Amino acid sequence: MNRVWRSPIRTSTVALSLILGALVLTQPAYGVEPTGNNQGASTEQAGGGDKSGIFAAARIQYSGSVAKGGGTGNVTSSDVNWTPPPCWYAPYLGAKEFKKEMSKHIDSQLKAPGMGGTAGSAIGETKRHYEDEYGWTDTPGYKDYNVENDGKGMFWAGVENPDEPDYLKRTSCTDLPFWVENGDAPPPQYEEAISPEILAALAYQHMQLPDTKVTLAPEANTKVNLPTWAWLDKAVFDEVQATAALNVPGFNIQATTTARPVSLKLEPGTEDAVTYPASGECVLNADDSIGEPYAKGKADETPPCGIRYLRSSGDGTYKLRATITWDINWTGSGGAGGDLPNGTFGNEQAVTVQEIQAVNR
């Protein structure tokens, strides 16, 4: 899916890296940092620019149940093959500012000692691409960096996802920056261009699920062979939403990712225990609760969701782990939407298990 710059002649990866290294943006916690003069990063920006007409990098804004400080959330995907996007293309600069930045880097590389051969040719073609309308299949060139259309669109560039550990994946959005008119969708060949679906995946990555503690009866101290009831009330066990949005002149999109709890898995913390049900997975009830609260007189009954410990924890405790599975889907701009992999998040609770003391007379 990721592509490299397409050109009629064979280009040098080194040469492209020299130019693009200065232009591929890193995506910090809450969006692309303002570029150059700090203009253009605010979603409150009227018309996409300040009084000087400058257009600059857009920020992705996160809201709802997301990790503080913009870090990754606590959701673990149930699909080990699913990962958030490692990079994408997003609005970068208006034409005048882009000319200032890009021409500076191109000229710097052309003047670098030893820059010749294929590398020099590739950089020269890049200069022609933005100055002299030199293009290739499905990629038209520009005249004078398209400055005559400044304010009518933006150049888009690659953005790295800083939470992607694989460097090669994170830096794989290497197509040269391209122009998108206000109100238009990015050209279809740029499959990684920011979209509601990509925003939904990023909202998933930043989502923070609640640290829900399972109610137990007995609460923290139980007895060997005594059923321990476990449950979660609907009031403390509800759906969670996270939203990611991008707003620039003529291009405003958003996506909301919603997580709904569907089951609770109990892991006793020892092999000397029995879970109810036997799988240890308690499913959602009709009223959206899980399990059943313990009531007086049910001490000898089998709980629909719970544990029976077969051995004392001695002087220590067992670490009961309660993991909630969440069904996750998303909706976005233009009626888009779909499913995302189920997510899980678990907590540990200390449980003391004591022997039942018999009294001899």
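**Helices, strands and disulfides in a predicted model**

Trainee: Let's start with helix 3 (residues 117-131): how far apart are its end C-alpha atoms?
Mentor: Keep in mind that this is a predicted model. Helix 3 has 15 residues, and at 1.5 Å a residue they should span 21 Å. The model agrees with that expectation, as the end C-alpha atoms of helix 3 are apart by 21 Å.

Trainee: Which residues of helix 3 are buried, and which residue just after the helix takes a positive phi?
Mentor: The buried ones in helix 3 are Ala119, Gly120, Ala122, Ile123, Glu125, Thr126, His129 and Tyr130. Just after helix 3 there's a positive phi of about 60°, and the residue that takes it is Glu133.

Trainee: What about helix 5 (residues 196-206): how many of its residues are buried?
Mentor: Going along helix 5, you'll find Pro196, Ile198, Leu199, Ala200, Ala201, Leu202, Ala203, Tyr204, Gln205 and His206 buried. Helix 5 is therefore largely enclosed by the rest of the structure. Out of its 11 residues, the buried count is 10.

Trainee: On to the cysteines: how many disulfides does a search of the whole structure find?
Mentor: A disulfide is a covalent bond between the sulfur atoms of two cysteines. One such link joins Cys87 to Cys173, with S to S at 2.1 Å. Another joins Cys282 to Cys305, also with S to S at 2.1 Å. For the whole structure, the search finds two.

Trainee: How many residues apart are Cys87 and Cys173?
Mentor: The torsion about the S-S bond of Cys87 and Cys173 is about 80°, so this disulfide is right-handed. The pair links distant parts of the chain, with Cys87 in strand 4 (residues 87-93) and Cys173 in the loop between helix 4 (167-170) and strand 6 (178-181). Cys87 and Cys173 are both buried. Their separation in residues is 86.

Trainee: And how many residues apart are Cys282 and Cys305?
Mentor: This link is right-handed, with 90° about its S-S bond. Cys282 sits in strand 13 (residues 281-283), while Cys305 lies in the loop between strand 14 (290-291) and strand 15 (306-309), so to speak distant parts of the chain, 23 residues apart. Both Cys282 and Cys305 are buried. The separation in residues is 23.

Trainee: What pattern do the disulfides follow?
Mentor: Count the bonded cysteines along the chain. Cys87 is joined to Cys173, and Cys282 to Cys305. The pattern is 1-2, 3-4.

Trainee: Now the strands: how many bridges join strand 16 to strand 17?
Mentor: Strand 17 (residues 337-354) has several partners to look at. Strand 16 and strand 17 run antiparallel, and the number of bridges joining them is 13.

Trainee: Which residue takes a positive phi in the hairpin of strand 16 and strand 17?
Mentor: That hairpin has four residues between the strands. The positive phi is near 75°, and the residue is Gly334.

Methods
Residues numbered from 1 in each chain as written. Predicted model: local features only at pLDDT ≥ 70, side-chain atom pairs only at ≥ 80, totals over all residues. Heavy atoms only, no water. Disulfide = S-S within 2.5 Å. Helix = DSSP H or I, 4+ residues; strand = E, 2+ residues; numbered from the N terminus. Buried < 20%, exposed > 50% of the residue type's maximum accessible area, 1.4 Å probe, protein only. Expected span 1.5 Å × (residues − 1). Pairing = 2+ DSSP bridges.
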